[in-house]
Amino acid sequence: MTAPRDFGVLEENVRRFRDDRDWRKFHTPKDLAASVAIEAAELLEHFQWRTDDETRADLADPAKKAAVAREMADVLILLLSASDVMGVDLYETTLRKIEENALKYPVEKARGRADKYDRL
Ligand SMILES: [Mg+2]
């Protein structure tokens, strides 16, 4: 079993990276929200025009998997930057959202189904 990881360490490292470069002045809510979407698009680009079989093969290639992982990290970094600037407790909000999702998608109704909650 791995040790629990500290979300606060990520938040602090992202904040320090930004502040060491005096980039806070550029971090408006709009530009950070746009940057999250841009980084998500960069993640998606790895799968564009690829079949499921091709994607599976790509992810079995350590270099390609690492490139995908770096885009995932970019998304998280921008989300952490956005939550800092907007005063959002992303850790607590995510925990609450998982609880909300559990209510919307009760195991007995949602297990093994890909339907939206209003169609369960
Ligand atoms: Mg990127």
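In what order do the elements of the protein run from the N terminus on?

## Fold and overall dimensions

From the N terminus on, the elements run α-α-α-α-α-α, and the protein accordingly holds 6 helices and 0 strands, where helices (H or I, at least four residues) and strands (E, at least two) are DSSP runs numbered from the N terminus. The radius of gyration of the protein is 18 Å, well over the 14 Å that the globule rule gives for 120 residues, so the protein is more spread out than a compact globule; the radius is taken over C-alpha atoms, and the rule is 2.2 Å times the number of residues to the power 0.38. Taken along the principal axes, the C-alpha atoms fill a box of roughly 50 × 35 × 35 Å.

This is a predicted model, in which local features need pLDDT of at least 70 and side-chain atom pairs count only at pLDDT 80 or more, while totals for chains, interfaces and linings use all residues. Residues are numbered from 1 along each chain as its sequence is written, and side-chain values use heavy atoms, with hydrogens and water left out.

## Domains, surface and contacts

The domain assignment, which is of the automatic or database kind, gives domain 1 (13–88) and domain 2 (89–120). The C-alpha centres of domain 1 and domain 2 lie 24 Å apart.

Of the 120 residues, 18% count as buried, a term that here means under 20% relative accessible area, with exposed meaning over 50% and partly exposed lying in between (1.4 Å probe, protein chains only). The accessible surface of the protein comes to about 9,400 Å², of which 58% belongs to carbon and sulfur atoms; the areas come from the Shrake-Rupley method with a 1.4 Å probe, and for residues only the protein chains shown count as cover. Among contacts (heavy atoms within 4.5 Å) between residues at least 6 apart in sequence, 56% join residues at least 24 apart.

In soluble globular proteins, nonpolar side chains tend to be buried together. The largest nonpolar core of this protein has 5 residues, namely L32, V36, L78, A82 and V85. Helix 2 (29–45) and helix 4 (62–86) each supply at least two residues of this core, and the largest share, 3 residues, comes from helix 4. Such a core is a set of buried Ala, Val, Leu, Ile, Met, Phe, Trp, Tyr and Cys residues joined through side-chain atoms within 4.5 Å.

With residues up to four places away in sequence not counted, L32 touches H27, L78, S81, A82 and V85. R18, placed in helix 1 (residues 7–20), is buried at 6% relative accessibility and, leaving aside neighbours within four places in sequence, is in contact with W23, R24, H27, D84 and V85.

## The magnesium site

The protein donors of the magnesium ion are E39 (OE), E42 (OE), E71 (OE) and D74 (OD), lying 2.1 to 2.3 Å from the ion, and along the chain these donors follow the spacing E-x2-E-x28-E-x2-D. Donors are N, O and S atoms within 2.8 Å of the metal (3.2 Å for Na, K and Ca), and since water is not among the atoms, sites may look incomplete.

E39 and E42 both lie in helix 2, 3 residues apart, about one turn of the helix. E39 is buried, with a relative accessible area of 14%, whereas E42 is partly exposed at 29%. R70, found in helix 4, is exposed, with a relative accessible area of 53%, and the C-alpha atoms of R70 and E39, 31 residues apart along the chain, are separated by 9.9 Å.

## Loop residues and further contacts

Most residues other than glycine have a negative phi. D22, in the loop between helix 1 and helix 2, has a positive phi of about 55° although it is not a glycine, and D22 counts as partly exposed at 44% relative accessibility. W49, in the loop between helix 2 and helix 3 (52–60), likewise has a positive phi, of about 70°, and W49 is exposed, with a relative accessible area of 78%.

S83, placed in helix 4, counts as buried at 6% relative accessibility and, leaving aside neighbours within four places in sequence, is in contact with V88 and L90. R113 lies in the segment after helix 6 (107–110) and is partly exposed, with a relative accessible area of 41%; with neighbours within four places in sequence left aside, R113 is in contact with R119 and L120.
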